[in-house]
Amino acid sequence: MGSISEARRQELIAKIQEFCLFDDDFMSKVFEDDKEATELLLRIILKRNDLTVTESKGQVSVKNLRGRSVRLDIKAIDKSGKLYNIEVQRADDGACEKRARYYSAVLDTNFLLPKMDFEELPETYVIFITEHDVLGRGLPLYTIERTIQEANMVFEDKAHIIYVNGENKDDTELGRLMQDFACKIPENMNYELLSERTKYYKRDDKGVTKMCKIMEDIKQEGIKEGIKEGQQKGRLSAYIEMIKAGLLSVKDAAIKLGIPEEELQSKMN
């Protein structure tokens, strides 16, 4: 593995053996570019046998110049043009309702180009697969739709949010899928396709090498982001001090920092 020592490699391999599909980086790699595996996942969750996935990408970064950028675990498209974002979350606070709302909005804004008609927006599904029952009702699946309350009818904006409760491991297709998501041993998984994909990254030398590299890249990226964040905080503090000393206006400081005036004002309070 080049720059990675054998001792570090063995350390990473040990960590890989503890991964399951509830670990987002591992899950993203297992499903990345695998239309068949993604199709299996969506067919079980949506209870649809007619669904055909034409594209599946893992760890898709969506930049937002004016707001918060996101990284989608899995972004997929089916043959009818429907758009899917599949997220896995171990932490309860990582799957809050407003995050689902934001991810749904990101799918729309990232798709619709200037001069495109609103009717061209595709039907979208944001699916959170959570290790715990974050909505707390004991249901295996939660399907969220906007409704017209006075008429007791669905508002047909074609945007869907689904929460899959990972605590449900009953003897159903969905329950067996959640068993597989929690399983660390590929040979013990229910679905052969997921077992084989997981086995590749845990048992096959090429797959293990790829996963080790990914883990090292993630570590280095985290270090770089930490340095960058520290530098940005340093610049922010310096500009705030200059504003307080009357050496710089809020407007000019905001321009130099590349953030809205309102955001800079809120950081000063």
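Predicted model: local features only at pLDDT ≥ 70, side-chain atom pairs only at ≥ 80, totals over all residues.
1. A contact here means heavy atoms within 4.5 Å.

2. Residues are numbered from 1 along each chain as its sequence is written, and side-chain values use heavy atoms, with hydrogens and water left out.

3. I45 also belongs to the residues with the most contacts inside the largest nonpolar core, together with F31, I129, L177 and F181. That core has 44 residues, and its largest share, 6 residues, comes from helix 3 (residues 35-46). A nonpolar core is a set of buried Ala, Val, Leu, Ile, Met, Phe, Trp, Tyr and Cys residues joined through side-chain atoms within 4.5 Å; buried means under 20% relative accessible area with a 1.4 Å probe, protein chains only.

4. Do look at the other core too: apart from the largest one lies a core of 15 residues, including V60, V62, L107 and V126.

5. For the chain overall, 9 helices and 8 strands are found (DSSP runs of H or I, at least four residues, and of E, at least two, numbered from the N terminus). Of the 269 residues in the protein chain, 40% are buried. Among contacts with a separation of 6 or more, 55% join residues 24 or more positions apart.

Terms used:
Buried < 20%, exposed > 50% of the residue type's maximum accessible area, 1.4 Å probe, protein only.
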